[in-house]
Amino acid sequence: MQFPQNKLALAGAEAVSVLYLACVILVWIAPTLAVKFFSYLFHGINLAAITSAGGLNLGAVVIGLVEAFAYTYAGLYLFAWFYNRSVK
């Protein structure tokens, strides 16, 4: 069985984009809770020390969304390519 590279990469990138936007909404609605929550994911590192006091910036959100989509797409496309090559 082989993975369809483009379909896998696109589906994964779309899923990550939805999760990214959910994260943006959480940071927008409850920034203190979001910083605390994500600090746990990063082994207790104090993320409050590196967050901006100005809140969300639309330009940064859009760039982050594009980056998340592109990196996920590229990573899953490569994953499928390597997998398909290994099962031939």
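A residue counts as buried when its relative accessible area is under 20%. By this criterion, 17% of the 88 residues of the chain are buried in the predicted model. The accessible surface of the chain amounts to about 6600 Å². Carbon and sulfur atoms account for 73% of that area.

The secondary structure is helical. The chain holds three helices and zero strands. Read from the N terminus, the order of elements is α-α-α. The C-alpha trace extends over about 50 × 30 × 15 Å along its principal axes. The radius of gyration of the chain is 17 Å, whereas a compact globule of 88 residues would have a value near 12 Å. Contacts were also examined by sequence separation. Of those between residues at least 6 apart in sequence, 79% link residues at least 24 apart.

Helix 1 covers residues 5–29. At 1.5 Å a residue, its 25 residues should span 36 Å. Six positions of the helix were then considered for burial. Q5, A9, G12, A13, S17 and V24 are buried in helix 1. An α-helix has 3.6 residues a turn, so residues three or four places apart point the same way. The buried residues of helix 1 pack against helix 3, which comprises residues 58–86.

K7 belongs to helix 1. Its relative accessible area is 63%; the cut-off for an exposed residue is over 50%. K7 is therefore classed as exposed. The C-alpha atoms of K7 and V62 are 23 Å apart in space, and the two residues are separated by 55 positions in sequence.

I25 is also found in helix 1. Its relative accessibility is 46%. This value lies between the cut-offs of 20% and 50%, so I25 counts as partly exposed. I25 contributes to a nonpolar patch on the surface, together with W28, I29 and L56. The four residues of this patch have about 480 Å² of accessible area together.

Methods: Residues numbered from 1 in each chain as written. Predicted model: local features only at pLDDT ≥ 70, side-chain atom pairs only at ≥ 80, totals over all residues. Heavy atoms only, no water. Helix = DSSP H or I, 4+ residues; strand = E, 2+ residues; numbered from the N terminus. Rg over C-alpha atoms; globule rule 2.2 N^0.38 Å. Buried < 20%, exposed > 50% of the residue type's maximum accessible area, 1.4 Å probe, protein only. Contact = heavy atoms within 4.5 Å. Areas by Shrake-Rupley, 256 points an atom, 1.4 Å probe, with all protein chains shown as cover. Patch = residues over 30% accessible without salt bridge, like charges linked within 9 Å, V, L, I, M, F, W, Y side chains within 5 Å. Salt bridge = Lys/Arg side-chain N within 4 Å of Asp/Glu carboxyl O. Expected span 1.5 Å × (residues − 1).
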